[in-house]
Amino acid sequence: MNSLHEQLGAQARPRQNRRATAEPAWLKGTLIAILFLFVAFFLILPMTTVFLEAFSKGAGVVLDTFRDDATLKAIELTLIVAAIAVPLNTVFGLAAAWSIAQFRFPGRNLLLILIDLPLWVSPVIGGLIYVLLFGRQGWLGPWLGDHDIKIIFALPGIVLGTTFVTFPFVARNLIPLMETQGKAEEEAALSLGAHGWQVFWRVTLPKVKWALIYGVILCNARAMGEFGAVSVVSGHIRGQTNTMPLHVEILYNEYHFAAAFAVAALLSLLAVFTLGIKTFVEWRAARQQLASQETPSS
């Protein structure tokens with residue numbers, strides 16, 4: 001009799017546990033509905049409005065906007081800045097992640113704090129820092145003026161501001177992964193006679209390539225959409241130092257609403273394209289991780 005009660009109790013416990021942990025259907029439905037409403041109101045509706053406003057006066061206005069020299073210059077400048085800032089941050093992110101994950105040295109924690117600093121400081125403050133350093137009245141301004149070197153209100157200042165706000169993305173994607181993976185494989189490669197660059201290219205980089213690509217994608221997206229720091233260091237010189245976000249602001253302030261939304265729509269399309277690449281990278285990384293977990297068992 002006692003054994004029968006024990007068997008029935010053992011069968012009842014999983015059901016009780018499932019009832020205790022399972023959420024009511026009405027609660028799940030409510031949370032999912034709130035989630036979809038939030039996404040629709042704060043994401044889908046604004047994105048739809050951008051495209052509707054862009055074509056509100058016809059496709060001809062959109063085409064004329066992208067024939068305008070100032071718009072073309074803003075697109076060109078945005079791509080140039082991203083093409084410079086993203087590789088710089090990639091090299092820095094790899095070097096920082098390698099150093100922090102592989103070594104213990106004085107100032108390591110300070111370096112981690114400094115890497116995170118742009119995430120906690122307003123981009124406008126970052127732009128003001130460069131103005132104080134390289135502006136005409138800044139610390140290095142007189143020397144730069146004497147040597148006819150222009151940083152603020154020119155391409156170098158825009159690159160500096162963009163690099164400042166985007167450099168945590170690559171490093172912060174690589175550091176946790178490298179610390180988790182450890183350095184056993186690198187030490188094994190060194191013991192077999194490989195030198196430093198061989199270890200990096202054939203052991204370390206293949207292990208972190210998907211995290212690196214993911215960080216580069218995030219960095220590029222932020223670089224193309226940066227406004228605050230670039231607004232401070234660019235000077236808003238139309239056709240010369242305006243990136244796409246700044247050009248949208250100028251068009252909107254001049255009441256060229258359809259043109260402003262047309263450029264904003266292009267930025268949105270670039271964001272959607274970047275999101276698609278990000279999703280693909282995540283999918284490939286998940287597949288690779290699953291395959292590596294199944295290989296030993298087979």
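## A helical model, residue by residue

Val-39 is partly exposed, with a relative accessible area of 31%. Here, buried stands for a relative accessible area under 20%, exposed for over 50%, and partly exposed for what lies in between, using a 1.4 Å probe and protein chains only. A word on the ground rules: this is a predicted model, in which local features need pLDDT of at least 70 and side-chain atom pairs count only at pLDDT 80 or more, while totals for chains, interfaces and linings use all residues. Residues are numbered from 1 along each chain as its sequence is written, and side-chain values use heavy atoms, with hydrogens and water left out.

### A nonpolar patch around Val-39

Val-39 sits in helix α2, which covers residues 25-54. Helices are DSSP runs (H or I, at least four residues), as are strands (E, at least two), and both are numbered from the N terminus. Val-39 also belongs to a nonpolar surface patch, together with Leu-35, Phe-38, Phe-41, Phe-42, Leu-43, Ile-44 and Leu-45. Together these residues have about 820 Å² of accessible area. Such areas come from the Shrake-Rupley method with a 1.4 Å probe, and for residues only the protein chains shown count as cover. Patch members have over 30% relative accessible area and no salt bridge; like charges are joined within 9 Å, and nonpolar side chains (Val, Leu, Ile, Met, Phe, Trp, Tyr) within 5 Å.

### Where α3 meets α4

The axes of helix α3 (residues 59-67) and α4 come within 5 Å and cross at roughly 65 degrees. That makes α3 roughly perpendicular to α4. For angles, under 35 degrees counts as roughly parallel, over 145 as roughly antiparallel, 65 to 115 as roughly perpendicular, and the rest as oblique. The axes are lines fitted to C-alpha atoms, for helices over the stretch in contact, and the angles run from 0 to 180 degrees between N-to-C directions.

On the α3 side, Thr-65, Phe-66 and Arg-67 take part; on the α4 side they meet Asp-69, Thr-71, Leu-72 and Ile-75. Contact means heavy atoms within 4.5 Å.

Further along, Ala-85 is placed in helix α4, residues 69-102. With a relative accessible area of 0%, Ala-85 is buried. Leaving aside neighbours within four places in sequence, Ala-85 is in contact with Thr-162 and Thr-163. Its C-alpha atom is separated by 9.5 Å from that of Ile-158, 73 residues apart along the chain.

### Salt bridges

The structure holds seven salt bridges, each one a side-chain nitrogen of Lys or Arg within 4 Å of a carboxyl oxygen of Asp or Glu. Three of them are listed here.

| Side chains | N to O distance |
|---|---|
| Arg-67 and Asp-64 | 2.8 Å |
| Asp-116 and Arg-172 | 2.8 Å |
| Lys-207 and Glu-186 | 3.4 Å |

Arg-67 and Asp-64 both lie in helix α3, three residues apart, about one turn of the helix. Arg-67 counts as exposed at 55% relative accessibility, whereas Asp-64, at 47%, is partly exposed.

The side chains of Asp-116 and Arg-172 meet in a salt bridge. This pair links distant parts of the chain: Asp-116 is in helix α5 (residues 108-120) and Arg-172 in helix α9 (residues 168-181), 56 residues apart. Asp-116 counts as buried at 18% relative accessibility, while Arg-172 is partly exposed with a relative accessible area of 30%.

Lys-207 and Glu-186 also meet through their side chains. Lys-207 lies in helix α11 (residues 196-225) and Glu-186 in helix α10 (residues 184-191), so the pair ties together parts that are 21 residues apart in sequence. Lys-207 is partly exposed, with a relative accessible area of 21%, and Glu-186 counts as buried at 4% relative accessibility.

### Leu-270 in α14

Leu-270 is found in helix α14, residues 257-297, and counts as partly exposed at 25% relative accessibility. Not counting residues up to four places away in sequence, Leu-270 touches Met-224 and Met-244. Leu-270 and Ala-221 are 8.1 Å apart in space, C-alpha to C-alpha, and 49 residues apart in sequence.

### Two loop residues with positive phi

Phe-153 has a positive phi of about 65 degrees although it is not a glycine. Phe-153 is found in the loop between α7 (141-146) and α8 (155-166), and is partly exposed at 40% relative accessibility.

His-236, not a glycine either, has a positive phi of about 55 degrees. The loop that holds His-236 runs between α12 (228-234) and α13 (244-253). His-236 is partly exposed, with a relative accessible area of 29%.
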